[in-house]
Amino acid sequence: MKAQALIAAAALTLGACATHPSTDPASFASRTSKNSFEMFGRQVDPPETLLLPVTHDRQINGAACGAHALASLVNYWEGAGTVAGTSIFAAHPPADPKAGYSMAEIQKLSAEYGLMSSAVRLPAEAIRAELEAGRPVLVPVKVPSIFVQTWQLPGANVPILGLPASFITSRAAWLSEETGSNLLNHYVLVAGYEGDKFVVMEPVMGLRTISADRLARYREAFGNAALVFSAPTT
């Protein structure tokens, strides 16, 4: 309990720092190690990384991650600026505001915005195959809440109480996983990979690196469920 209290206090100290999302592949390329779910092995090398040109549509409402992830998908397939997540959320709020959007709701909404979708179960190697085919993959995850706080710096190498913020964040995330507390249902859009690391478009913080092992853990609660999208054929 004392360790948890210490981490909580340290995390609150981070609240004075604003976040800096990586909003598109170009901005991400210059700072791949600055925005990650990992403490170590954070960086990828964009010339060697398969990264689809998705752009960030930033989540500002706690229940709206599905709407913003969908907006990034629509804008990928239909063209930049086609729709904003705030517009989707305002016009089509989730049936359960506390739980957020179900996968079925995302599928229904995607059809309204001109996309075809398939609900499937995909292991990591199948996700890589979809990316190779030019299809970003939307996956539901259960993540430690510290990773999706809009006023923290997950992974930033800023000294806090004599320790880098990346250590504080990683330790708090580990405690969340170990105790099953402070976990949130969330959506991320898998947009690229390099070796055993994936690049995801996360609705709060934009493009972020994550290890294949961590992504697999965060997907376990949903049985490797995924949504694959494509534009309608004409």
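Colleague: Where does Asn-224 lie?

Modeller: This is a predicted model, in which local features need pLDDT of at least 70, side-chain atom pairs count only at pLDDT 80 or more, and totals for chains, interfaces and linings use all residues. Residues are numbered from 1 along each chain as its sequence is written, and side-chain values use heavy atoms, leaving out hydrogens and water. Taking helices (H or I, at least four residues) and strands (E, at least two) as DSSP runs numbered from the N terminus, one finds Asn-224 in the loop between helix H8 (212–219) and S9.

Colleague: What is the relative accessible area of Asn-224?

Modeller: Asn-224 is a residue other than glycine with a positive phi, near 65 degrees. Burial is judged by relative accessible area, where buried means under 20%, exposed over 50% and partly exposed in between, with a 1.4 Å probe and protein chains only. Asn-224 is partly exposed, so its value falls in the middle class, at 27%.

Colleague: How many helices and strands are there in the protein chain?

Modeller: The protein chain has 234 residues, and buried ones make up 47% of them. Contact means heavy atoms within 4.5 Å, and among contacts with a separation of 6 or more, 72% join residues 24 or more positions apart. The count for the protein chain is 8 helices and 9 strands.

Colleague: How many of the 14 residues of H3 are buried?

Modeller: Helix H3, residues 65–78, reaches 20 Å from its first C-alpha to its last, close to the 20 Å expected at 1.5 Å a residue, where the expected span is 1.5 Å times one less than the number of residues. The buried residues of H3 include Cys-65, His-68, Leu-70, Asn-75 and Tyr-76. H3 is largely enclosed by the rest of the structure, because its buried residues number 12 of the 14.

Colleague: What covers the buried residues of H3?

Modeller: Just after H3, Gly-79 takes a positive phi of about 120 degrees. The cover over the buried residues of H3 includes both helices and strands, among them helix H4 (85–91), helix H5 (103–112), strand S3 (137–144), S6, strand S7 (197–202) and strand S9 (225–230).

Colleague: Which strand gives the most to the lining of the largest pocket?

Modeller: A pocket is found on a 1 Å grid over the protein atoms alone, as an open set of points where a 1.4 Å probe fits, with protein on both sides within 12 Å along at least five of seven lines, and its lining residues have an atom within 4 Å of a point. The largest pocket holds about 400 Å³ of space, a volume being the space filled by probe spheres set on the points, which are joined across faces, edges and corners. Its lining has 21 residues, of which Gly-62, Cys-65, Ala-99, Asn-185 and His-186 lie nearest its centre. The strand that gives the most, with 4 residues, spans residues 183–194 and is S6.

Colleague: What separates the C-alpha atoms of Leu-51 and Val-199?

Modeller: Leu-51 lies in strand S1, residues 50–51, and counts as partly exposed at 22% relative accessibility. Not counting residues up to four places away in sequence, Leu-51 touches Pro-25, Phe-28, Ala-191, Gly-192, Val-199 and Leu-207. Although Leu-51 and Val-199 are 148 residues apart along the chain, their C-alpha atoms are separated by 7.4 Å.

Colleague: Which residues does Glu-132 touch, not counting residues up to four places away in sequence?

Modeller: Glu-132 has its place in helix H6, residues 124–132. With neighbours up to four places away left out, Glu-132 touches Leu-50 and Tyr-193.

Colleague: With which residues is Ser-118 in contact, leaving aside its neighbours within four places in sequence?

Modeller: Ser-118 belongs to strand S2, residues 116–121, and is partly exposed, with a relative accessible area of 39%. Ser-118 and Ala-226 are 108 residues apart in sequence, yet 8.2 Å apart in space, C-alpha to C-alpha. Beyond its neighbours within four places, Ser-118 is in contact with Gln-107, Ala-226, Leu-227 and Val-228.

Colleague: How many Å apart in space are Trp-174 and Pro-144, C-alpha to C-alpha?

Modeller: Trp-174 is found in helix H7, residues 165–179, and counts as partly exposed at 42% relative accessibility. Trp-174 and Pro-144 are 30 residues apart in sequence, and their C-alpha to C-alpha distance is 8.2 Å.
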